Amino acid sequence: MSSRPPHSISVAELDLAAPDGPVLSLRPVPGGPQLAPGDVYALVRVEGRPAATVLGTVAEGDDPAEVLAALARGRLAEAGPRTDAERFAAVRPLARPDILDWNRKGLTPPRASVIVATRERPESLARALDSLLAQDHPDHELIVVDNAPRTTDTHDLVTGKYADRVRYVREDTPGLAVAHNAGLAAADGTVVAFTDDDVIADPHWLTALTEPFAADPGLGCVTGLILPARLRTPAQILLESHGGFAKGFAPRLYDPAHPPADEPLFPFTAGSFGSGASMAFRTSALRRAGGFDPATGTGTTARGGDDLYAFVAVLSAGFRLRYTPEALVWHHHRETWQDLRNQAYGYGAGLTAYLTATLVRRPRMLPALLTRLPRGLAHARTMTAQRGEGDGGVPGEHGTQHHPWPRSLSRLERRGMLYGPIGYAKARAKARARTGLRKAAAR
C-alpha cells in the first residue's frame, strides 16, 4: 500500500448513451477548471443518470473522453445491467405491492422549501444559491438561515443580490440543528429539503429528491448522492478515498417494518442512510418527529449528529427513508490537514452524541439498541477489518482505499466517540438554560 502523498486530481462528468455506448459529453464539474493531463476522477452518467465513478490517468496527447469511457464501460459491465424494473425492485419494500413505481413518468414533485443554514461564508453561499436558483423543480422556495451572525455580510448578500428570490431568516442561537429548526418553522412546502452552503446542486437535484414523496405516502425522508467538487489537496483526496459522503449508486429503501438483514444495528446505523448536505423530509413527518435536536450539530459542543438524529427520529415514527443517487450535489470538501483532523473528531463525537440524543429523547428505544448491540459490534469489527485490508480503489469506491488512513485520524475519531455523550450533555444543558432565560424574560 503506497504511503506517497496524493497529488491533485481533476474532477469531471462523463455521460454515455448506454453502458457500452458512445460518449455523449465530457465536461468539468460545475465551476471546475478545464481538464488537463494527469489523474481524472469522473462521475459516469448513463443517459444523464449517475451510475458509477472512475479514476483514470490521461497522458499528454490522449483523448480524455476515450480513456475514461473505456474505464467506465468496464466498470458498468462488472456491475451488470440495471433496468427500471431492477431499480424499482431495489427500493420497493417487502410485502407492499401497493407502493407506486417511483420511476414512472408524469409524477409531479410536491412544493418544496429548500433550507440553507450558513454562518459568515457569503462567497460559498452565493455559489450554492446560484445553483439552487437553477433547479428544474417547478414549485419551490429558498430560505437562508443566518446562524449567529457576527457581521451583516450574509444579510446584505441575500437581501441585495437575491432580493425577492431568497427568503432571509436570522437565528441568533448558534448550532446547525437550531438553524435547521428555524428554517423548518418558516417553511411552507409539503417537503422541506436541506443542503449546505459549500455545495453546488445539480439542476435536477431537488426534483429527484422530492419526486419520491409523491409516489409513496409513507415516505418520511429522502437522501441523495454527494460527490467531491474538487480534489486538489491531500486532505480532500484522503477523505474521498475513504468514502467521503457518498452512499453509492444503488437506490435503497429503509422500512422500519422490514429491517434490512445486512444492518444489524438498524435503525441506529444512521450514517449509512445519507448526509445532511442532501436530504429532504415530508414536512409534516419531520414536525411530528419533533424536528432536529437543538443540542446536536455543528456549532454546539456535540460537534455533529443533527442529521443522523433526524433520520432515526423519522424512522422511529414509522416512516420510510429512501436513498436516491439521482439527487446529486457537488460538495467542496475542506482543504487542510487540520480541517480533516477536526472532521474526524467531529464524526466520532457526532455519532455518539446523536445516539445519546436518541436514547434521552426516546428512551423506549433503549431495549432495541441493547438487543442489537452484540451482533452490531461483531458486524462493525468485520467491516473495520475489511477496510483495513483495502489496497486499491478510487475516491468514492467504498470499501477500498488507495491511500492509507492515518492512525492518528482513527484515534481522533475514537476520542470523539468518547466525548460525544459529554458534549451532548453540555449542549443540552445550555439549550435548557437559554429556554429558561427566555421564559423568565417573557414573564
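Guide: Helices (H or I, at least four residues) and strands (E, at least two) are DSSP runs, numbered from the N terminus. The model here is a predicted one, in which local features need pLDDT of at least 70 and side-chain atom pairs count only at pLDDT 80 or more, while totals for chains, interfaces and linings use all residues. Residues are numbered from 1 along each chain as its sequence is written, and side-chain values use heavy atoms, with hydrogens and water left out.

Visitor: How many helices and strands does the secondary structure of the chain come to?

Guide: Read from end to end, the chain has twelve helices and 13 strands. One of the helices is α9, which covers residues 306-316, and after α9 comes Gly 318, a residue whose phi is positive, near 100 degrees.

Visitor: What percentage of the 443 residues of the chain count as buried?

Guide: The word rests on relative accessible area, with buried under 20%, exposed over 50% and partly exposed in between (1.4 Å probe, protein chains only). By that rule 52% of the 443 residues are buried.

Visitor: How many residues of helix α9 are buried?

Guide: Eleven of the eleven are, so α9 is largely enclosed by the rest of the structure.

Visitor: Is Ala 185 buried or exposed?

Guide: Ala 185, which belongs to helix α5 (residues 176-186), has a relative accessibility of 64% and therefore counts as exposed. Along the chain Ala 185 is 98 residues from Thr 283, yet the C-alpha atoms of these two residues are separated by 9.7 Å.

Visitor: What share of contacts in the chain, among residues at least 6 apart in sequence, join residues at least 24 apart?

Guide: Contact means heavy atoms within 4.5 Å, and for the chain the share is 77%.

Visitor: Where is the place of His 333, and which residues does His 333 touch?

Guide: His 333 sits in the loop between β13 (320-331) and α10, and its relative accessible area of 4% makes it a buried residue. Once residues up to four places away in sequence are set aside, His 333 touches Pro 228, Gln 236, Leu 239, Glu 240 and Phe 245.

Visitor: With which side chain does the side chain of His 333 make a polar contact?

Guide: A polar contact is a pair of N or O atoms within 3.5 Å; within protein, one must be able to donate a hydrogen and the other to accept it, and residues adjacent in sequence count only if both atoms are side-chain atoms. For His 333 the partner is the side chain of Glu 240, at 2.7 Å.

Visitor: Where does Asp 39 lie, and which side chain is in polar contact with the side chain of Asp 39?

Guide: Asp 39 is part of strand β3 (residues 38-46), and with a relative accessibility of 17% it counts as buried. Its side chain makes a polar contact of 2.6 Å with the side chain of Thr 57. Leaving aside neighbours within four places in sequence, Asp 39 has contacts with His 7, Ile 9 and Ser 10, and also with Leu 55, Gly 56 and Thr 57.

Visitor: Which backbone oxygen lies 2.7 Å from a polar atom of the side chain of Thr 296?

Guide: That backbone oxygen belongs to Asp 293. Thr 296 itself is placed in the loop between α8 (283-288) and α9, and its relative accessible area of 0% means that it is buried. Beyond residues up to four places away in sequence, Thr 296 touches several others, among them Ala 177, Asp 306, Ala 357 and Tyr 424.

Visitor: At what angle do helix α3 and helix α4 pack?

Guide: Axes are lines fitted to C-alpha atoms, for helices over the stretch in contact, and angles run from 0 to 180 degrees between N-to-C directions. Helix α3 (residues 122-132) and helix α4 (residues 153-160) pack at about 30 degrees, and their axes are 10 Å apart. On the α3 side the contact is made by Pro 122, Leu 125 and Ala 126, while α4 contributes Asp 153, Thr 154, Leu 157 and Val 158.

Visitor: How do the axes of helix α7 and helix α10 cross, and within what distance do they come?

Guide: The axes of α7 (residues 234-241) and α10 (residues 337-361) cross at roughly 35 degrees and come within 8 Å. Here Ala 235, Leu 238 and Leu 239 of α7 meet Trp 337, Leu 340, Gln 343 and Tyr 347 of α10. α10 also packs with helix α12 (residues 407-442), at an angle of about 45 degrees and with the axes 6 Å apart.
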